[in-house]
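Let's take a walk through this fold, with a stop at the strands, then the helices, then the rings. Keep the viewer open as you read.

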Amino acid sequence: MEEIHWADVIAEDLLKRGNRHRIATGITPSGHIHLGNLREMLTADAVRRAVIDKGGEAEMIYIADTFDPLRKRYPFLPEEYEQYVGMPLSEIPDPEGCHRNYADHFLEPFLESLEILGIPVRVEKADEMYKEGRYEEAIRISLKRRDDIARIIEEVTGRKLEDDWYPFMPLCKKCGRINSAKVTGFDGRWIYYRCACGYEGKASYRGGGKLTWRVDWAARWKILGITCEPFGKDHAAAGGSYDTGKRLAREIFGIEPPYPIPYEWINLKGVGAMSSSKGIVIPVREFLDVLPPEIVRYIIIRVKPKKHIDFDPANLLELVDEFEEGMKRRDRAVELSLVGDVEYSDIPFRHLVVVGQIAKWDLNKVFEILERTGYKIDEKVRRDVERRIRYAKRWLEKFAPDKLKFEIAEKVDSSMFDGDEKKFLKAFAEKLNDNQTPEDIHNLVYQVANELNFKPAKAFRAIYKAILGKNYGPRAGYFIKMLGVDWVKRRFLEVAA
């Protein structure tokens, strides 16, 4: 019996709690939002789809932590950004001057990516939520119940808080920082503070600062009515943010905490866990130029959230093969990965990588070659090939290993070949004909090599040398059929002469 997909298991659990669900996701837009961040979004979206498939209602909310401070000057920022460290991302200028502020600069390409990936989200920006007063009640509750909150945090984390600690970070009117002022008191109208810059002032309950992270998280569950949330494994650790959040939700804000979905990191092969601050990233928008959205979704949706993903963009063909196989048997991970009404033909992506190079990416030649190798070209096939061949070209240029790249040699120097190789190429060319299938041609290599007592490995090397001028290349039968039997025969006989 086939294992139930993880998203369906979670959807069943959620529907036991109620029929309507609001799934939260949240990322701080402090740098390029990358494939690692996307795990949160796609985990949430797979669950959203699964709930809807089972007759429930579900929506996704994306909370952009735009009111968080810039924690340091990241390697990709100019030196003058040192002055903005500690200021909210929404109040810092865009480093390239093309958006309203720093947060929007990194947020907008990501939101475009979500659209391409078929992820419908309601976007909530934290700075706007605070400025609009949507956190006001939560701030008042948190300040009044400071001692209870401090006790919960100390009990859960085992960490002693300072006596003058408050669960609120005032935004200093003078230096503009949100992480350097301390609350000194509060009344019904104002929150009073003293900043490390020397300024003393008062902050409004509406946009005059923000709740500390652990308290903010529980407060937003109440404000937005969140019932489910995926989050990184660091928050799920014993004594971590979620353990604290659960108690704050129940004991301070009077709500049940959302259903948790902890997830593991995505490691970029040979580099480590993806991280904007360390510069270990493939920005999502850039990645979607190179791969179809359904494949990007599948990379994440096929793996249970608690398993880490080792990702190597150069080694994608096996994964795409697996996806294409899953298309044929309506695999659930594939179903949850499809975007819109995309239709696949039976032409493999790895085939398009080879055909495109032979045709020098000329679409008319691509279709000629596909027909030659036995594919019937109708409107559906044409649409599919036109879409996916663009991705094949970009993937090959950007990520593919050199061994998959080739160019047909204009001319080959016959002095590169010994007598046995020439003998094999001549005999092989004489037995090659247009009626043979790619499989027949592949088998013919072994047949002729055996007849001549010639090692098959050397026979394949001779074929690739004669066509490409190097010792390796794509699978020989298909490759020869794609190139055209007449052309290959002529080339082999020229080399052998």
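Predicted model: local features only at pLDDT ≥ 70, side-chain atom pairs only at ≥ 80, totals over all residues.

Two strands pair if DSSP finds at least two bridges between them. Four residues sit between strand 5 and strand 6, and the two form a hairpin. To find your place in it, look for Phe186, which stands opposite Ile191 of strand 6.

Now follow strand 6, residues 191–195, and watch its side chains alternate. Strand 6 has another antiparallel partner to look at, strand 7 (residues 200–203), with four bridges joining the two. Tyr193 has Gly201 in strand 7 as its bridge partner. This hairpin, too, has four residues between its strands, and Gly198 there takes a positive phi near 105°.

On to the helices. Helix 2 (residues 35–53) packs with helix 11 (residues 293–301) at about 85°, their axes 9 Å apart. That angle makes helix 2 roughly perpendicular to helix 11, because anything from 65 to 115 degrees counts that way. Who does the touching? From helix 2 come Leu35, Leu38, Arg39, Leu42, Thr43, Asp45, Ala46 and Arg49, and they meet Val296, Arg297, Ile300 and Ile301 of helix 11. Sorted by type, the residues of this contact are seven nonpolar, one polar and four charged.

Finally, the rings. There are 27 aromatic pairs in the structure. Take Tyr263 and Trp265: their ring centres lie 6.2 Å apart and their planes meet at 80°, so this pair is edge-to-face. Tyr263 is buried, with 7% relative accessible area, while Trp265, at 30%, counts as partly exposed.

Phe428 and Phe492 give us a tilted pair, with ring centres 6.1 Å apart and planes at 45°. This one links distant parts of the chain: Phe428 belongs to helix 17 (residues 419–431) and Phe492 to helix 21 (residues 485–496), 64 residues apart. How accessible is Phe428? Its relative accessible area is 0%, so Phe428 is buried. Phe492 also counts as buried, at 0% relative accessibility.

One last stop: Tyr74, Phe76, Tyr81, Tyr84, Tyr102 and Phe106 form one aromatic cluster.

How values were computed: Residues numbered from 1 in each chain as written. Heavy atoms only, no water. Axes fitted to C-alpha atoms, helices over the stretch in contact; angles between N-to-C directions. Parallel < 35°, antiparallel > 145°, perpendicular 65-115°, else oblique. Contact = heavy atoms within 4.5 Å. Nonpolar A, V, L, I, M, F, W, Y, C, P; charged D, E, K, R; others polar. Buried < 20%, exposed > 50% of the residue type's maximum accessible area, 1.4 Å probe, protein only. Phe/Tyr/Trp six-rings, centres within 6.5 Å; stacked < 30°, edge-to-face > 60°.
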